[in-house]
Amino acid sequence: MVLEITEGAKEKIVSVLNSQEVASRSIRVSAPFRGKYAMSLEPDGQPQADDTVLDYGDFQVFVDSQSQRFVDGASLKWVDTPAGG
């Protein structure tokens, strides 16, 4: 699997997507290098030509070709913290 997303993280992602003014069903995960990851909403839901599209049922994740090698094998987890998560 390119990107493992835990059930807790999936639930949080769906919650955030549903809370948007215009509901979205896609996010983008990018990485300039291994260990440095960013996640952003993709409100238009349209992947770029070089994106890998990962389907997680309730939402899709877009990963650009330059980030793919760093995202491959990564895990996304939700951890509650005093500042939120």
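Helices (H or I, at least four residues) and strands (E, at least two) are DSSP runs, numbered from the N terminus. Glu-42 lies in the loop between two such strands, E3 and E4. The model is predicted, so local features need pLDDT of at least 70, side-chain atom pairs count only at pLDDT 80 or more, and totals for chains, interfaces and linings use all residues. Residues are numbered from 1 along each chain as its sequence is written, and side-chain values use heavy atoms, with hydrogens and water left out.

Four strands form an open sheet in the order E3-E2-E5-E4. The pairing is mixed; two strands pair if DSSP finds at least two bridges between them. Strand E3 (36–41) and strand E4 (52–55) are the edge strands, and each pairs on one side only. In general, strands of a sheet pair through backbone hydrogen bonds, either parallel or antiparallel.

Strand E2 (residues 26–33) runs antiparallel to E3, and five bridges join them. Here Val-29 of E2 stands opposite Met-39 in E3. E4 and strand E5 (residues 60–63) also run antiparallel, joined by four bridges. Thr-52 stands opposite Val-63 in E5. E4 and E5 form a hairpin with four residues between them. Gly-57, in the turn, has a positive phi of about 85°.

Glu-42 counts as buried because its relative accessibility is 13%. Buried means under 20% relative accessible area, exposed over 50%, and partly exposed in between (1.4 Å probe, protein chains only). Glu-42 touches Ser-24, Ser-26, Ile-27, Arg-28 and Phe-62, not counting residues up to four places away in sequence. Contact means heavy atoms within 4.5 Å.
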